[in-house]
Amino acid sequence: MGLNGFGDAQRAARDPLAVGSANFLATAQAIAKLIPRALLIDMGSTTTDIIPCDRPQGLTDAERLQTGELVYTGYTRTPVPSVTTRAPLLGTWQTLARDAFATMADVRRMLGSLREDDDQHDTTDGRSKSLQDSLRRFARGFGRDGEMRHLEGWKVAAAYVDEVQRRSIYDGAIQVLSRPGLVVGTTVAAGIGWPLVAAISASLTATTTTFGKLTGAPEHLQTAATCFAPAVAVALALHQRP
């Protein structure tokens, strides 16, 4: 499924730009059929989509990066220094090494906010996904050794990184919402980062819901439907085809 609807492999090969990075469109279209004036914010492992479902402006990644509808930051895979190049530590501001020592999965593991099932990728150093190894990777970006006895101090730095990432998504949403003539009544949170998105959304609109709840998924499946929104949206579109 792409910009021109469903098609076969041959059609996709003839027009790859119409299907590449187009999964956001299936989710937006599914929401638009259920509720008017909705803003989709879907935070995956690598990127965040911010889509006015009734009238998306950008279609390619290049266009969406320009319009604010694509923020290239994700819940787990994003390297820490691509979020911020400095953070507070030991009462001062310290510059981070601009290398992929730690990811946002390590940050969230340190903060206790990561659901381990959401972290499906290997660590940057091949070591375990334990709290101790996450701390070591995070501290290495500061040119230091992380010790568990100093975890609370490191968590302050991690919380700052988390907040900077939140702000980048909020700024993208504000850019989209500033479009002339755009009216949004409901924000729909999706992706594995939906809890963070829901918190951001509360400051954007009066009404916030999740994709799973909006689509009427059974209560015990709503979280899964929210996390895998594009797949659910494609299944709904197939079911609704004449």
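I took helices (H or I, at least four residues) and strands (E, at least two) as DSSP runs, numbered from the N terminus. The model is a predicted one. On that basis I found 10 helices and 7 strands in the chain.

**Overall form**

I then read the extent of the C-alpha trace. Along the principal axes of the chain, the trace spans about 60 × 40 × 35 Å.

Next I asked what share of the 242 residues is buried. The figure is 44%. I also checked contacts with a separation of 6 or more: 57% of these join residues 24 or more positions apart.

The accessible surface of the chain is about 12,100 Å². Carbon and sulfur atoms hold 52% of that surface. For charge, I noted 25 positive and 24 negative side chains. The centres of the two sets lie 2 Å apart.

In what order do the strands of the open sheet run? I read 3-2-1-6-7, which is 5 strands with mixed pairing. Strand 3 (70-71) and strand 7 (207-210) are the edges, each pairing on one side only.

I followed strand 6 (residues 186-190) to both of its neighbours. With strand 1 (residues 38-43), strand 6 pairs in the parallel sense over 5 bridges. Here I41 stands opposite A189, and D42 stands opposite A190. With strand 7, strand 6 is again parallel, over 4 bridges. T187 has T208 of strand 7 as its bridge partner.

Is strand 6 enclosed or open to the outside? I counted 5 of its 5 residues as buried, so strand 6 is largely enclosed by the rest of the structure. I then sorted those residues by face. In a regular strand, side chains alternate between the two faces of the sheet. T186, V188 and A190 lie on one side of strand 6, with T187 and A189 on the other. Both faces are covered.

**Helix 4**

I turned to helix 4 (residues 104-111). Of its 8 residues, 7 are buried, so helix 4 is largely enclosed by the rest of the structure. The buried set is M104, A105, D106, V107, R108, R109 and M110. I noted that charged residues are on this list, among them D106, R108 and R109.

What covers the buried residues of helix 4? I found that the cover includes strand 1, helix 5 (131-140), helix 6 (151-177) and helix 7 (194-201).

My last entry is S128, in the loop between helix 4 and helix 5. Is S128 buried or partly exposed? Its relative accessible area is 35%. Buried would need under 20% and exposed over 50%, so S128 counts as partly exposed. Leaving out residues up to four places away in sequence, I listed T123, D133 and R137 as the residues S128 touches.

Conventions:
Residues numbered from 1 in each chain as written. Predicted model: local features only at pLDDT ≥ 70, side-chain atom pairs only at ≥ 80, totals over all residues. Heavy atoms only, no water. Buried < 20%, exposed > 50% of the residue type's maximum accessible area, 1.4 Å probe, protein only. Contact = heavy atoms within 4.5 Å. Areas by Shrake-Rupley, 256 points an atom, 1.4 Å probe, with all protein chains shown as cover. Charge placed at Lys NZ, Arg CZ, Asp CG, Glu CD. Pairing = 2+ DSSP bridges.
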